[in-house]
Each structure stands twice: as C-alpha cells, then as structure tokens.
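Here's a quick briefing on a predicted model.

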Amino acid sequence: MSPATATRARKKSTSPRTGASSAASPRTGARMSPTATALMKKLVNRTATIGVVGLGYVGLPLIRAIRDGGFPVIGYDIDQRKIDDLEAGRAYIQHLGPRFFKDLSKDRKFRPTADPRLLEEADAILLCVPTPLGKHREPDLSYVLNSTRMVAEVLRPGQLVVLESTTYPGTTRDEMLPILEASPRGRRLKHGTDYFLAFSPEREDPGSIGRTAAVIPKLVGGLDDTCTDLAMALYSRVVKTAHRVSSAEVAESAKLLENIFRAVNIALVNEMKTVMAEMNIDVWEVIDAASTKPFGFMPFYPGPGLGGHCIPLDPFYLSWKAREVGRTTRFIELAGEVNSAMPHYVIDRVQHALNDDGKSLSGSKVLVLGIAYKKNIDDIRESPAAEIIELLRDRGASVNYHDPHMPVFPSMRKHRIDLKGKPLTPAVLKAHDCVLIVTDHDAVDYGKVGALSKLIVDTRNAMARVPAKKMRARLVKA
Ligand SMILES: NC(=O)c1ccc[n+]([C@@H]2O[C@H](COP(=O)([O-])OP(=O)(O)OC[C@H]3O[C@@H](n4cnc5c(N)ncnc54)[C@H](O)[C@@H]3O)[C@@H](O)[C@H]2O)c1
C-alpha cells in the first residue's frame, strides 16, 4: 500500500490523534490552527456533521457511505421534490432500489432539506452538483459557482468544503476560493486557518452490483496540507481506501484523465468496429480474443455513441482549459469526432439492413430497444437513443421504443421526444420492420426478441446470448 493511501479506519481501532488546542499535521508535522485541530478531532471521533449538496446520482450513494461510516448527515438540494421523496421514502433513482429510500427516510441521523441555512451546522460540506457543457461545448460551472455562493452564506470557522463534481484543474482554487474569500463571512475568516477547501472526485459506477461508493477508492487533494489532512480524516472513515495526492489540481486532473482514457479507448473500438464490419469480421469476437492477453490490454466495447453525465462531457473540460495554456488536445477532439459519428453510423446500418429486405427506411416501423445510456439504469442523460430516434424520424421512419426502466421518454437538456414506451409483446415485435437495440438491459427477454422480430440491428452484442437455433430474425451488428 502506498504511504499516501489510508485504509478505512475501523470504528473500534480509531484513536483520536488530536486533542490539544493546536496539533501537528499527521503527515507533515506542521502545526495546525486550533480551529483545524478541533475539526480534526470531530472527524476522527465521527461526531462531525456532514452536509451533502446535490442529492442526485452521486450525492445519494455518497450519503450511504457517510452514514455507514457513522457520521450524521444533512442532505441539501434546491429541488424540493427530491426532499419530499426522501422524507416519504419514495425512490427517484431506480437502480438504488426502494429499500435504499425507505431506510434513509427512517434514518434519524439523516436530515434532507431544501433550506441552505441548515448547512451552517455542517462541519464538512461536500458539493455533488452537475457540471454540464454549455452550447459551445464550454464548461458550464454555474452549478458549482452557485452552490459555492450558497456555501459562502453559511460559512463559519471550522468548516471543510469539498468539491466532488468533475471539473477542470484549478476550479477549486481559482474559482471557488475567491468566491468564499470575497463573501461577507469569508472576509472575516482565513482559508487554511479558519476554513478549509479540498477536491475529491466522485467515481460512481451507476447500476454496477457491489461497487458501492464505500469500496471505490477516493482521491483526496486539498488546497494546502491542512485541508488535505482534514479531508483525508473524513474520507478514510467513509470509504475503504482514500488516496492522498499533493494538491486539488492533481485530483481534478486525475479524474479527467480517467474519463478521457475511456472516451479515447471507446473511440478506438468504435473505429475498429466500422473497419471490421466492412471486412465481415465480428469486432466483439476480436475484442474477446484480444482480451485473453494477460498484460498490456484491457477491453472496451463499441456502441451506438457515448452517453451519461461523464464520458461525453468531461474530456471537453480539459480541452477548454488547455487552450488557456496554448495547448490543443487532439486525442480528445478526435475521440469526440469518432464517438459522435456513431448515431449516424447506426442509422446507415439500419437503412442498409432494411434495403436488403427490400424496404426503405422512410415508411418503415422501427422499435428502439433500450433508451438509457447504460444498461440496467434509468438514466437518459446524453443517451444516444434521443439522437438516433430523431435521425430515424428525419429519414421518414415511424419510431416506437421499449425500455423496461423508462415507461415514458423523459425530457432531456437538448431533446424533447414525446413518446411512451411500448410493451414488449409478440404483437409489438411482429408489427415492426426492424428492432434496433440501443441499450442491452438484462430485464429484456432477448430470446423472444430473436424469435419474433423480422430484423434486428444490434449495437451492443446483446443477441449473442440467444442460441443461433432460436434466432428467427435476421441479425445485423452495428
Ligand atoms: N452520475 C455519475 O455516474 C457520475 C459519476 C462520477 C462523477 N459524476 C459527477 O458528479 C457530479 C454530479 O453528478 P450527478 O450525476 O450526481 O448529477 P445529478 O443531476 O444526478 O444530481 C445533481 C443534483 O444537484 C442538485 N443541484 C443543482 N444545483 C444545486 C445547488 N445550487 N444547490 C443544491 N443542489 C443543487 C440538482 O437538483 C440535482 O439533484 C457531476 O459533476 C458529474 O460529472 C457523476
């Protein structure tokens, strides 16, 4: 284990390292201010109250980890409906399960609120708010900046503020700190002595079984050593492994590297897919074959285009920032170009497949199977399904969809698709000229799809699980 990595301190084995009015940093030996020392003591004793801002896909799993770590939590969101749902124990993120929401609603050490003033009580405030892109693919930091302004209104001595949202290097120091320092409360306080700022990126993996926030290692980098010490004291008690880095900028950059790595590798296999298709070689079999190499290779899979709140967006946070230092990010741009061409590629494959059946896309009925950006979740954000449906309609197709997790097509930032899902009945499958698999949810009966459809265009290799002898439909991979 690297010396920078702290493994979760078990409740019983924890001994308060500090207790005096001014203690030394556990790492550097430098003296901490009395305020930092008092906060450290609360974190070590698990008596600190933790505020979580933004109760979405990231905030909620994090709250579970913090509660399991023994800390009381205040959960704040500007969306009153989420607070009502949390109080009533109603699930609004399906893959977390109804039990998760029921348990939280009964947990007396969890207080959901839409009143930011409650956060003054919090000893640590963790920001888990969206970081989308603007119209011109520029970072939209408005949520981060607005929630920092809100924190500035409740800032008091002895608070640790941590940004968890994915963003470009320098956001915590150059964007958040000036807001806090310039605020009426901040002007009376000194950063690093009275309050503390750090960055710790979220690495949530929605829908994966067992990979909870508590077991995914967490990077922690503060604006100075004291900030990092305090943030490490918190996270090492709520996640199995907290990994210390030398600055907030390293933690911010590491998160971007992780997501850029994925975007670039997905683009690589998407490009491979288009070449292999022309050569009549199954790219999925090629990837499986290459994956037998025990070193120097890891599999990534092609698909209908990038989706979700991270991979399609985050890389452009770095592209934008790189321009400030006079550098270009050609890998990121190229990956973006290849990946964003995928919905068009899929439509071309559908068009050719229908043509082989003697049909034109115009006037054909297409059933899109799966609209979520990833299997087994109900998250539509940036899902390529929306663009695919719009492209199909532009070319004259009549489109329906089925998604076991989304009975109604949700409204999206850039798309409004007024559709209700169809049930996956034999009549529905038989009534369509083509079934286009966009998301490979496990809850779909692919045997039925293979037996009753006329033509299947499969962007996820979902039909590989159906034995060839049970396939009646013609299958085209895309
Ligand atoms: N979803 C993922 O799988 C994932 C994984 C890793 C990192 N991230 C990053 O985590 C961050 C949050 O993503 P998410 O998926 O949880 O988003 P989300 O949209 O699910 O949740 C964000 C929440 O913040 C609330 N909010 C917005 N402005 C607010 C404000 N000023 N004050 C209080 N609440 C506010 C919204 O109402 C919403 O409930 C993003 O930066 C994202 O890139 C997401």
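Let's start with the strands: β5 and strand β6 (residues 159–163) run parallel and are joined by 4 bridges. Strands here are DSSP E runs of at least two residues, helices are H or I runs of at least four, and both are numbered from the N terminus; two strands pair if DSSP finds at least two bridges between them. Residues are numbered from 1 along each chain as its sequence is written. As this is a predicted model, local features need pLDDT of at least 70 and side-chain atom pairs pLDDT 80 or more, while totals for chains, interfaces and linings use all residues, and side-chain values use heavy atoms, without hydrogens and water.

**Around β5**
- L127 sits opposite L163 in β6.
- Strand β2 (residues 50–53) also runs parallel to β5, through 4 bridges, and V52 stands opposite L126.
- β5 (residues 124–127) is covered on both faces, with A124 and L126 buried on one side and I125 and L127 on the other. Buried means under 20% relative accessible area, exposed over 50%, and partly exposed in between (1.4 Å probe, protein chains only).

**Helix α9**
- V275 lies in helix α9 (residues 248–278).
- V275 counts as partly exposed because its relative accessibility is 37%.
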